[in-house]
Amino acid sequence: MTAADAFTYNGGRVDPGERQNIRFVVSETYLGDPVRIPVTIINGERPGPTAFLSAAAHGDELNGIEVVREVAYEWDLDDLAGTLICLPVLNVPGFLAQQRYLPVYDRDLNRSFPGSADSTSAKRMAARIYTNFIEPCDFGLDFHTSTRGRTNMIHARADMADSDAARLARAYGTNVIIDSEGSSGMLRTEAVTDGIAAITVEMGEAHRFQRTLIDEALSGVRSTFAEYGMLDAERVRWPGWRTVITDAREKTWLRADAGGMVDMHFERGSLVHEGDTVCTITNPFKDDNILVEAPFTGLLVGILENPVVYPGNPLCHLVQLDDRTRRVVELDQSPSGTVE
C-alpha cells in the first residue's frame with residue numbers, strides 16, 4: 001500500500017495529503033461506554049511505505065508515548081512519502097490505571113495479537129488494533145520500557161533471521177540488537193509472521209519520561225524513515241559500534257541468591273569485566289555483605305532500579321561482546337580515551 005491511495009480503516013479514510021486525529025473504539029467498559037485509543041494518521045502526498053509507531057502496549061511504559069507524540073505532533077511531515085500511523089497509547093485501560101496489564105483479568109495485551117473478534121476481551125481489543133492499523137503496514141516500531149523497578153539501555157529486539165526485520169533493526173541504529181523471535185502474541189512477532197517488518201525498541205524504565213532516551217529514540221525513528229525513503233532530509237545513522245546478541249553468544253540475568261537491599265555499582269549500558277563486583281546485597285544491619293560478580297565480560301543492558309530483592313529476583317541483564325566490539329566499548333567508556 002502506498003500514499004498514492006487513501007488509507008482506510010473501519011469507519012473512515014485518510015486521503016493523500018490529509019491528517020486525521022481519531023479516538024478509535026477498541027472495547028467497552030462495564031457500563032457499556034466505549035474504550036477508545038488515540039490514533040493519528042498522516043497520509044503523505046508522495047508514494048511510499050506505510051509504517052506504524054506504537055507505544056504503551058503495557059500501560060505503565062511511558063517513554064515511548066512521548067516518542068510517538070513528538071513524531072506525530074511536533075515533526076514537520078509535510079514532505080512525508082507514504083503513510084504514518086501513530087498509536088501512542090495502545091493499552092488505554094492499563095494507562096488510565098497506570099499498571100502494566102489490562103485491568104480486566106490482568107491480561108497482557110502484548111501477548112494477545114493478532115487477536116480474535118470472538119475471543120477474550122484482550123484478544124478482541126488486539127484484533128481491532130491489529131486489523132485496522134498494523135495489518136496494512138510495511139514496517140513498524142513498537143516502543144517499550146523495562147518493567148517496574150528495572151531499567152534498560154536503549155536497544156532493539158528483532159528476529160534477525162527475517163531479512164526484513166533485520167534491515168529495520170539495523171536501520172534504527174542502536175548499539176545493541178538482541179536477536180529473538182519473540183513470544184507468541186507479541187505485536188512484533190505476529191507482524192513479522194504476517195510479512196510486516198517490526199521490531200521492539202526497549203528504553204529506560206516504567207512510570208517515567210526520560211528525556212535523554214526519548215531523544216535517542218527519536219534519532220532512531222529519523223534514521224528508519226531515511227532508510228525507507230519516507231523523509232528525504234534524513235540520513236541513516238551509524239551508532240559508532242554495534243553488537244547483535246544471538247543464542248550463540250553468552251547472556252544471562254544475574255539473580256539474587258539472598259534477600260536484602262542492593263547497592264548497584266554500575267549504570268545501565270556499562271561494560272563490566274569478569275570478576276567485577278556488579279552489586280552488593282546487604283541485610284538491614286550491613287553485617288553480611290553478599291558480592292554479586294560478573295561471570296564473564298559483557299555489557300549491562302538492564303539493571304535493577306528498585307533496591308530491594310527477594311531470593312531469585314533479577315539484578316541485571318548481562319550480554320557478552322565479541323573481542324573487537326569489547327575493545328571499542330572499552331575505548332568509548334574509558335575516561336582517558338585509552339585502553340590498557
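Where in the chain does Lys286 lie? In this predicted model, Lys286 is placed in the loop that runs between strands β15 (277-282) and β16 (290-293). The backbone of Lys286 has a phi near 55 degrees, a positive value in a residue other than glycine. Lys286 is exposed, and its relative accessible area is 64%.

A positive phi also occurs at Gln98, where the angle is near 50 degrees. Gln98 belongs to the loop between α2 and α3. With a relative accessible area of 31%, Gln98 is partly exposed. The loop between α2 (92-97) and α3 (121-134) also holds Pro114. The peptide bond leading from Phe113 to Pro114 is cis, and its omega is near 0 degrees.

An unreviewed UniProt entry assigns residues 47-224 to the feature "domain: Succinylglutamate desuccinylase/Aspartoacylase catalytic".

Arg188 is part of helix α5, which covers residues 187-193. The residue is buried but has no salt bridge. The nearest side chain of opposite charge is that of Asp159, at 6.4 Å; a salt bridge requires a side-chain nitrogen of Lys or Arg within 4 Å of a carboxyl oxygen of Asp or Glu. A polar contact of 3.2 Å joins the side chain of Arg188 to the side chain of Thr200. Beyond its neighbours within four places in sequence, Arg188 is in contact with several residues, among them Arg157, Ala158, Ser180, Glu181, Gly182 and Ile199.

Definitions and conventions
Residues are numbered from 1 along each chain as its sequence is written. This is a predicted model: local features need pLDDT of at least 70, side-chain atom pairs count only at pLDDT 80 or more; totals for chains, interfaces and linings use all residues. Side-chain values use heavy atoms; hydrogens and water are left out. Helices (H or I, at least four residues) and strands (E, at least two) are DSSP runs, numbered from the N terminus. Buried means under 20% relative accessible area, exposed over 50%, partly exposed in between (1.4 Å probe, protein chains only). Lys and Arg count as positive and Asp and Glu as negative; His and the chain ends are not counted. A polar contact is a pair of N or O atoms within 3.5 Å; within protein, one must be able to donate a hydrogen and the other to accept it, and residues adjacent in sequence count only if both atoms are side-chain atoms. Contact means heavy atoms within 4.5 Å. UniProt positions are given in the numbering used here, feature names are shortened, and annotations may be inferred rather than shown by experiment.
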